[in-house]
Amino acid sequence: MNIVRLIFQNLRKGTVSFRLPHRHECTSDEYRGLIQNDASRCIGCGACAYVCPTAAIEVKRSADKYSWSYDPGKCTFCARCIDRCRPNTLSIESKLPPLYSKQGELKVCYEMEKKKPAPRPAPAATALAAAPVPVVVASAQTEKPVETKANAVPAIPTAAENPA
Amino acid sequence: MSFFGLIRLFIFPGVLFAVPAGWFFVWAEHKAVARIQRRIGPPLLQPFYDFIKLLGKRTPARTGVEAVLLKLYPVFSVLSLAGALALLPVFPHSAAGFSGDCVLLVALLEVPSICYILAGFTSGSIYGQIGAIREAVLSVANNVVLLLAIVTVAVTENTFRLTDLAGPTMNPGHWIGVLGILLCIPAKLRLNPFSTSSAEQEIYAGSLTEYAGAALGLWELAHALEWVALTGLVATLVLPAALPWFLYAPAFALVCLLQVLVLSAIAAGTARYTLQRSINFYWRWAGVLAVLAIGSAAAMRFHL
């Protein structure tokens, strides 16, 4: 008879779900909402698009421009793009995404001029003059690997160094 | 076919009434289960939207004879249920029907189940085959009870004509027979606790796993019509036949809806039985009830 009591109890208490567009407010700061891009700082490196597992982010480049687009309908909110973004231009909202009824309705696209790379310190001005640095947009493939603790294996002392 | 026969086939309780009523009952079932689980549940027109959406979907192309058969099974199911609905003795005072139509009604109600089994085997899916085997085994168990229950009701009235069987009587055999039919409805509709043949967490959709698009929509329609036919059969057996039509029609719909709500509450409040347990239930408990019912009805009939 417990189940009968439970049924009547549930009927009396009412529903806990909502009918759209009414929704629960997001209460967690760690909620993963839409990805935001600070276009003024984005360098168009495409690392975010490279690591995106669902191709929600696309970066297209032309000679002097690049476009950055993000389709939340494809996004799994894994935040790998944010982990990978070197200039820290990407961030994730901690609120619920807005409702949408058409495919691609929330898609955003920025078109930006290619930025010149920041001037490097010139320790060898003569060398630079001899071989000018080409204007290259940094990409994920051209980045130098970061040396991590795992990579930095201490050298094993040889028997001569460590006679004991 | 007589004028009343045409009305019964096409208007009430035929296609014009049964299709929206079936969708309404499916919605009522989903809504009742949702409310019991503290969810809002679907909007009223959701089964209609589902049907229309399924009609418009493109399906994977199949070739050979199985492609034809898989399309025909749901059509047979819908047609047989439309025929069963036309036979239901609503408006019993209209003197429609014929001698032995009760046997035809039982046969027509069994066609969707047979098509469901065949569809499972034809689909070639392992899930479909498991669902078909389960449905076949369970169908044997619950059909014995259903047949005995209907025979009980028939014996109490000494006729197999549905118009004569309609309406309540003082004979306890009649009510025990109605109870037997009610016990079979969850298994016929594949509702909990007898939903082993369509156990979605175990075998996806059972026999319908390989179905999509319009054919699946027709299966959904057949399921909705099955709701109306089975609950309508009970309604005709318990509603007073002498009621005028303007009272009989809403009372018919109300009694059907009441059954839907009770069956939904049972479905929401119970877990799925294993196949063995379902068979045990029908062979032991419901079977004993049916044998007792037919025994008592025969005893009263022959004044033993």
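This is a predicted model: local features need pLDDT of at least 70, side-chain atom pairs count only at pLDDT 80 or more; totals for chains, interfaces and linings use all residues.
A:Cys78 is partly exposed, with a relative accessible area of 27%. B:Cys102 is likewise in no disulfide, the nearest cysteine sulfur being that of B:Cys184, and B:Cys102 is buried. Over all chains, the structure holds zero disulfides.

| Cysteine | Nearest cysteine sulfur | Distance | Relative accessible area |
|---|---|---|---|
| B:Cys102 | B:Cys184 | 13 Å | 2% |

In soluble globular proteins, nonpolar side chains tend to be buried together. The largest nonpolar core here has 66 residues, of which B:Leu105, B:Leu109, B:Ile181, B:Leu225, B:Trp227, B:Phe252 and B:Tyr282 touch the most other members. Helix α10 (residues 213–238) of chain B gives the most to this core, contributing twelve residues. A second, separate core of 16 residues includes A:Ile35, A:Cys52, A:Tyr66 and A:Cys85. Leaving aside neighbours within four places in sequence, B:Phe252 is in contact with residues including B:Phe12, B:Phe17, B:Leu88, B:Gly232 and B:Leu239.

B:Tyr282 is also one of the buried residues of helix α12(B), among them B:Ile279, B:Ala286 and B:Gly287, and what covers these buried residues includes α6 (126–157) and α8 (172–188) of chain B. The helix, residues 275–301, has 27 residues and reaches 36 Å from its first C-alpha to its last, close to the 39 Å expected, although α12(B) bends by about 40° at B:Gly287. Just after α12(B), B:His303 takes a positive phi of about 55°.

Methods: Residues are numbered from 1 along each chain as its sequence is written. Chains are lettered from A and ligands numbered from 1 in the order in which they are written. Side-chain values use heavy atoms; hydrogens and water are left out. Helices (H or I, at least four residues) and strands (E, at least two) are DSSP runs, numbered from the N terminus. The expected span of a helix is 1.5 Å times one less than its number of residues. The bend at a residue is the angle between axes fitted to the seven residues ending there and the seven starting there. Buried means under 20% relative accessible area, exposed over 50%, partly exposed in between (1.4 Å probe, protein chains only). Contact means heavy atoms within 4.5 Å. A nonpolar core is a set of buried Ala, Val, Leu, Ile, Met, Phe, Trp, Tyr and Cys residues joined through side-chain atoms within 4.5 Å. A disulfide is a pair of cysteine sulfur atoms within 2.5 Å.
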